[in-house]
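This report describes one protein model for a reader who is meeting it for the first time. Please look at the sequence and the structure below, and then follow the text from the whole chain to its single residues.

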Amino acid sequence: MISQTETDAAFDPNADRLREECGVFGIYGHADAAALTALGLHALQHRGQEAAGIVSFDGSRFHSERRLGLVGDAFSEASVIEKLKGPQAIGHVRYSTTGETILRNVQPLFAELHGGGFAVAHNGNLTNGLTLRRNLVRDGAIYQSTSDTEVLLHLVARSRKTRFIERFVDAIRQIEGAYAFVGITNKKLIGARDPLGIRPLVLGELDGCPILTSETCALDIIGAKFIREVENGEIVVISESGIESHKPFPPVAERPCIFEYIYFARPDSIVKGQSIYERRKRMGAQLSLEAPANADVIVPVPDSGVPAALGFSQASGIPFELGIIRNHYVGRTFIEPTQKVRELGVRLKHSANRSVVEGKSIVLVDDSIVRGTTSFKIVKMMREAGAKEVHFRISSPPITHPDYYGIDTPDREKLLAATHTLEEMRQFVGADSLAFLSVDGLYRAMGHERRDPVRPQFTDHCFTGDYPTSLTDVVGESAKQQISLLAEAG
């Protein structure tokens, strides 16, 4: 059981959500390459809000613009886009999972190599990035960032292969973890996806020009056509000669990240031919079968819980209502040095719709519980608005293990489900009842009979502890390594 004092001390509205990874976009051969890249990044803004960058190539020189903040703040002016000349461009939106939020870490990263320039943007996390970094620095490499993405630049630069694509393959064969890379050279647009396909990457086309990006919603915003998903372990090379596919890894069954379906992908995106919106509704419907509640109204925690709450409502027959209204225009005002103002953080983002919840028994639906502190505040808000009963339902299993593949999760001891029983969690959030979707229920919502324990269909380690790759940095010398000696003022 956790006391009120502990709850208040732990409360941080920004820390109690799964933080998005990153988003990548690249286009080859279009006169408006930079402008289209900026639009694509707008559509991927949900994947990272800390920084954005674009690098273009005009046939002789590369042009770079990298800034902290939102895409709209950085790339809304025509004068900025006009500086990014050329028919090839790649872009990146960032939420840092390795490396601080400082300008030197903002991607795409660029290096001048033997044979020409190379810019790269990365979604994911390398689980041996620190180990490789330590070895490269020992051999004389000079690092300019604290991002694990820079490892790829050094590995490509040091490869003894002749052709660039051979050097690129040589580099990615040395890395572990989850990644979707998009890069440009003097002649090529390159995309690469990790052998298990943990991180997403899709191929599209606009006016005959190939596009690589994290989600289909980035194609939709510019009117591009979806061609196919880049396969797990595949390298796509786009040039004047067309599109080449390279598969340098032994074939294995793919294991995409299940959190793309639960949380990260935009609801209007399509992944593996499946509507993210419809899958989230199915999770809610399955949850209503596993954990029914006698209630008057279904209330989603916006925006993450809306599709699942709709599915729960339709399956249970209990009316769906917006009992919580989200303020979409909140900045970081609540990050203040006083505890009193920090406690108001949830109220700045969410406010109770009293007319919906007063005197009612409600089912509150959200997609996950991380630390539990925000859930505690929202349940409290519902009670203060007059809710008679609050039954909390979560449309994913309990998160019991941290992620090392590009999702920012707390250490295990700070994950509520890792250190508390279901009843202790219920008491902590203050609900009348609490239930999570089962692991097999999640897989049923995804169209499978159950989870295959021998060959799991998804990367689901946050729920099961089954990590699909080596975690070299977690257990090796690099786990305690300080990434950089330079602390930037700001």
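Among the contacts in the protein chain with a separation of 6 or more, 70% are accounted for by residues 24 or more positions apart, where contact means heavy atoms within 4.5 Å. This is a predicted model, in which local features need pLDDT of at least 70 and side-chain atom pairs count only at pLDDT 80 or more, while totals for chains, interfaces and linings use all residues. Residues are numbered from 1 along each chain as its sequence is written, and side-chain values use heavy atoms, with hydrogens and water left out.

The secondary structure of the protein chain comes to 20 helices and 21 strands; helices (H or I, at least four residues) and strands (E, at least two) are DSSP runs, numbered from the N terminus. Of the 490 residues, 57% count as buried, a term that stands for under 20% relative accessible area, with exposed over 50% and partly exposed in between (1.4 Å probe, protein chains only).

**Nonpolar cores**

A nonpolar core is a set of buried Ala, Val, Leu, Ile, Met, Phe, Trp, Tyr and Cys residues joined through side-chain atoms within 4.5 Å. The largest such core has 40 residues, and those with the most contacts inside it are Ile258, Phe259, Tyr261, Ile262 and Met283. The elements that give two or more residues to this core include helix H9 (258-264), helix H10 (276-290), helix H11 (306-316) and strand S19 (361-366), and H9 gives the most, with six residues. This core also draws at least three residues from each of domain 1 (23-255) and domain 2 (277-327 + 335-456), the bounds of which come from an automatic or database domain assignment. What does Ile262 touch, not counting residues up to four places away in sequence? The residues in question are Arg280, Met283, Asp367, Ser396, Leu442 and Phe463. A second, separate core of 29 residues includes Leu126, Leu153, Ala192 and Ile235.

**Cavities**

On a 1 Å grid over the protein atoms alone, a cavity is a set of points where a 1.4 Å probe fits but cannot get out, and lining residues have an atom within 4 Å of a point. Grid points are joined across faces, edges and corners, and a volume is the space filled by probe spheres set on the points. By this rule there are three cavities of 30 Å³ or more, and the largest cavity has a volume of about 90 Å³. Of the 14 residues that line the largest cavity, the closest to its centre are Arg193, Pro200, Ser214, Glu229 and Val271. The elements that give two or more residues to this lining are H9 and strand S14 (270-271).

**Buried places**

Helix H2 (residues 33-43) is largely enclosed by the rest of the structure, because eight of its eleven residues are buried; among them are Ala33, Leu36, Thr37 and Gly40. Ser395, in the loop between strand S20 (389-394) and helix H16 (416-419), counts as buried at 3% relative accessibility. Not counting residues up to four places away in sequence, Ser395 touches Met283, Leu287, Ala308, Asp366, Asp367 and Leu437. His420 has its place in the loop between H16 and helix H17 (422-429) and is buried, with a relative accessible area of 18%. The C-alpha atoms of His420 and Thr400, which are 20 residues apart along the chain, are separated by 9.8 Å.

**Backbone geometry**

Most residues other than glycine have a negative phi, and most peptide bonds are trans.

Pro108 lies in the loop between strand S4 (88-94) and strand S5 (109-113), whereas Asp303 has its place in the loop between strand S16 (297-300) and H11. Asp207 has a positive phi of about 55 degrees although it is not a glycine; Asp207 belongs to the loop between strand S9 (202-206) and strand S10 (209-213), and at 62% relative accessibility it counts as exposed. Phi of Lys272 is near 55 degrees, again a positive value in a residue other than glycine. Lys272 lies in the loop between S14 and strand S15 (274-275) and, at 40% relative accessibility, counts as partly exposed.

Key: 1 Å grid on protein atoms, 1.4 Å probe; cavity = no way out; pocket = protein on both sides within 12 Å on 5 of 7 lines; lining within 4 Å.
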